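Biologist: I am new to this structure. Could you show me how to read its features, one by one?

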Amino acid sequence: MVNLFAGSDYKIITSSGAEEDSWFWAGQEGRGGAGYFSDALLSGMSSRGSFGADENSDGAITLTELQRYLRSHHGASTPHTYPEEDDFVLFRYDRAQLTPSRRGIAGQYLFPSDLLEGLIPEAEFSYTLFRPARIGYQLTFQKNGGWDFAASRFFWDNSERYGPYGDAEGYLTPGRKQRRVRLTGILANAGGYALLQILQADDDGQASILTSHVFAVSTDSDLSGSTITLPERFAPAGGEELCFNILHAAPCEITVTIRDEQGGTVRRLATRRASRPEQLGGSSFCWTGRLADGTLAEPGAYTIHAVLYDKDGQFQVDSVPFLLE
């Protein structure tokens with residue numbers, strides 16, 4: 001967890017949710033290694049990762065930008081921030097100094113879909129390689145509530161083998177790379193979660209993680225028993241946030257909206273966001289009590305409306321009313 005103090009307010013970044021482990025990795029024979037979270041944090045806020053957390057490329061990385069970056073590029077756990085939405089600037093950098101020679105090895109990672117379907121699911125992703133490098137991928141599945149790193153599957157990217165930069169496995173030339181990886185094995189039948197890590201190896205064969213991403217694999221489990229658990233009231237004017245859980249039996253995508261007493265939508269918190277293995281029996285969300293324009297919602301009774309999607313369709317669930325004071 002990282003605590004930041006800004007005036008009279010605290011800003012907090014955690015590497016994982018309350019029920020999740022935060023993972024550390026080590027290289028061959030114990031060489032190298034780092035915390036997965038700290039590695040992703042450094043990548044998003046440094047030239048090594050081309051300051052990837054700066055969504056709008058304005059030279060300033062805010063708390064909210066960093067949270068979104070970490071959710072996409074740190075798959076081993078689920079980072080959280082307090083406040084949930086905040087434009088507090090964590091870091092500034094000179095964009096003019098981000099020349100090609102100062103860029104990291106790779107960046108501009110894209111993952112078009114976080115929810116995978118099909119008899120043999122395929123994870124699709126793309127990235128830009130800024131200089132020649134030896135690239136490999138590692139797939140890890142969830143088992144008994146944790147990542148089964150002991151059974152991880154590693155393989156080199158052989159799309160450009162025997163190119164001008166060497167004949168060893170995994171050597172790639174610079175440029176935009178579009179890839180698909182098949183998730184064979186237990187996930188093809190049982191569903192669950194898969195962690196994809198993109199790694200780069202140096203001349204000694206020592207690997208370092210460039211980025212990681214978690215994929216949810218849709219199953220045949222029934223979502224009709226999904227429920228929403230939440231507090232009876234909260235006071236956003238005093239800095240409280242409404243944190244609630246949507247309990248569901250299997251990986252899915254979730255749309256979440258806040259509705260007033262008349263049933264009108266006052267805020268959308270997520271649109272078909274894929275669930276993550278938070279070990280909560282479902283997915284967690286927070287609402288600051290603010291509308292899309294940043295103003296506080298009027299005091300009164302509200303409900304949470306969620307739509308859960310899997311490969312067989314969708315299921316809708318509503319919470320009991322709660323009071324915004």
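Biologist: Asp 310 is a charged residue; is it buried or exposed, and what is the nearest side chain of opposite charge?

Modeller: Start with the terms. Buried means under 20% relative accessible area, exposed over 50%, and partly exposed in between, with a 1.4 Å probe and protein chains only. Lys and Arg count as positive, Asp and Glu as negative; His and the chain ends are not counted. A salt bridge is a side-chain nitrogen of Lys or Arg within 4 Å of a carboxyl oxygen of Asp or Glu. Now the case. Asp 310 is buried, yet has no salt bridge. The nearest side chain of opposite charge is Lys 311, 7.2 Å away.

Biologist: Where does Asp 310 sit, and what does it touch?

Modeller: Helices (H or I, at least four residues) and strands (E, at least two) are DSSP runs, numbered from the N terminus. Asp 310 belongs to strand β24, residues 300-310. Contact means heavy atoms within 4.5 Å. Not counting residues up to four places away in sequence, Asp 310 touches Glu 117, Ser 218, Thr 219, Ser 221 and Leu 223.

Biologist: What should I know about the model and its numbering before going on?

Modeller: This is a predicted model, with residues numbered from 1 along each chain as its sequence is written. Local features need pLDDT of at least 70 and side-chain atom pairs count only at pLDDT 80 or more, while totals for chains, interfaces and linings use all residues; side-chain values use heavy atoms, with hydrogens and water left out.

Biologist: How many salt bridges does the structure hold?

Modeller: The general idea comes first. Side chains of opposite charge can pair when their charged atoms come close. This structure holds nine salt bridges. In one of them, Arg 182 meets Glu 122 at 3.2 Å, N to O. Arg 182 lies in strand β15 (residues 175-182) and Glu 122 in strand β10 (residues 122-129), so the pair ties together parts 60 residues apart in sequence. Glu 122 is partly exposed, at 30% relative accessibility.

Biologist: Which residues are linked with that pair in a network?

Modeller: The network of salt bridges links Glu 122, Glu 124, Arg 180 and Arg 182. Glu 124 bridges to Arg 180, with the closest N and O atoms 3.5 Å apart. This pair also links distant parts of the chain: Glu 124 is in strand β10 and Arg 180 in strand β15, 56 residues apart. Glu 124 is partly exposed at 33%. Arg 180 is exposed at 55%.

Biologist: What does Glu 253 pair with?

Modeller: Glu 253 forms a salt bridge with Arg 272; the closest N and O atoms are 2.9 Å apart. Glu 253 is in strand β21 (residues 253-259), and Arg 272 is in strand β22 (residues 265-274), 19 residues apart. Glu 253 is buried at 12%. Arg 272 is partly exposed at 42%.

Biologist: How do I read a nonpolar core, and how many residues has the largest one?

Modeller: In soluble globular proteins, nonpolar side chains tend to be buried together. A nonpolar core is a set of buried Ala, Val, Leu, Ile, Met, Phe, Trp, Tyr and Cys residues joined through side-chain atoms within 4.5 Å. The largest core here has 23 residues. Those with the most contacts inside it are Phe 244, Ile 246, Val 256, Trp 287, Ile 304 and Phe 322. Strand β24 gives the largest share, four residues. A second, separate core of 22 residues includes Phe 125, Leu 183, Phe 215 and Val 217.

Biologist: How many aromatic pairs are there?

Modeller: Rings of Phe, Tyr and Trp (its six-membered ring) pair if their centres lie within 6.5 Å; planes under 30 degrees apart count as stacked, over 60 as edge-to-face and the rest as tilted. The whole structure has 16 aromatic pairs. Phe 244 and Phe 285 are stacked, 5.9 Å centre to centre with 20 degrees between the planes. Phe 244 is in strand β20 and Phe 285 in strand β23, 41 residues apart. Phe 244 is buried at 1%. Phe 285 is buried at 5%.

Biologist: And helix α2: how many of its residues are buried?

Modeller: Nine of the 11 residues of α2 (residues 63-73) are buried, so the helix is largely enclosed by the rest of the structure. Among them are Leu 63, Glu 65, Tyr 69 and Arg 71.
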